[in-house]
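Dear colleague,

Please find below the structure that I am handing over to you. My findings follow it.

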Amino acid sequence: MSDTETRTSVRESESETTTESTGECPECDGSVVHDEEHGETACENCGLIVDEDEIDLGPEWRAYDARDRAEKSRVGAPATKLIHDEGLSTNVGWQDRDGYGRTLSADQRRRAQRLRKWNERYRTQDSKDRNLRQALGEIDRMASALGLPKDIRETASVIYRRALDENLLPGRSIEGVATAALYGAARQAGTPRSLDELERVSRVGRRKLTRTYRYVCRELGLEVEPTKPEQYLPRLTSALELDEDVERRARSLLSTARREGLHSGRNPVGLAAAAVYASSLLTNHKVTQEAVGEAASVSEVTIRNRYTELLDVVED
DNA sequence: ATGGTTTTTACTGCGTC
DNA sequence: GACGCGGTAAAAACCAT
């Protein structure tokens, strides 16, 4: 087969797909031509359409972008969730054979060995990269939604990186671990955000969050002090637009409460909310229980309970 | 899973503006 | 009558075992 022959045959087949002479026009003796793109068979000369009901051999669906195509297309290798890239990446075969089934020379075998190794390395590297990128994006998003400063985001990303390195991710969602990392980082920095607040900006539910948080803490040996009610005071008072002295008074209430053992077993946020409410009464800057409860996302009943206890121990 | 504890939900009555 | 507050019972959530 010569070069020129193949070239001309390709040319012909190309032209045939667009216009194909299928006979003579019944009207004018011109040649009838098939136009695949428009799905018509028409006379070249007079434009008479002989046949327009063409069988379309293309896919019956339309794809508007790559993602669409991937979803609608029914061809290609089966994807599996069991492999991190769903089995869609390159693999270097383990048999030391070439494409024709011949065994490889020692030299080629070594080369294939290296290829396998590096391919594997790059593939996991890639997935970790993508994973990290997504997680850091999530952390950033949630942190800015919660108004957390940069250094906390950095702590969170360090925690996440460690979790990734220790292989804590399999079986857990990126989002979940990212949220847990941020929660822990905020607590470590002494500016904790409550679970409610985290839940509001995260895509994972409370149960999942607390579970993965505990898990990550345990596995990484994260030392996080239990949150103190005092840590919520600044944000509560500013959210309610209360003066400095309200916060100060609340702080002193909380310290005596601690001496009396009111802290144990109670939700720190509820205690803080009660302290703010009590302090607002004592300093004549009254706010309603409802408002405090709203700001702290704690029920009024809890505020009432804590605050009566608070006043009890402060009395004497 | 279970039991004990805390928190929430929902409803009530009381006093005040 | 609406509002803020106190109280209660039952449900729900949480935690250690």
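A polar side-chain atom of Tyr277 lies 3.1 Å from a phosphate oxygen of DNA strand C, a polar contact, that is, a pair of N or O atoms within 3.5 Å; within protein, one must be able to donate a hydrogen and the other to accept it, and residues adjacent in sequence count only if both atoms are side-chain atoms. This is a predicted model, in which local features need pLDDT of at least 70 and side-chain atom pairs pLDDT 80 or more, while totals for chains, interfaces and linings use all residues. Residues are numbered from 1 along each chain as its sequence is written, chains are lettered from A and ligands numbered from 1 in the order in which they are written, and side-chain values use heavy atoms, without hydrogens and water.

At a base oxygen of DNA strand C, a polar side-chain atom of Arg304 lies 3.3 Å away. The residues near this strand (one heavy atom within 4 Å of it) include Lys286, Thr288, Gln289 and Tyr307. Sugar and phosphate make up 75% of the atoms of DNA strand C that come within 4 Å of the protein.

Around DNA strand B are Gly265, Arg266, Asn267, Val298, Ser299, Val301, Thr302 and Arg306. Phosphate oxygens of DNA strand B lie 2.5 Å from a polar backbone atom of Asn267 and 2.3 Å from a polar side-chain atom of Thr302.

Yours sincerely
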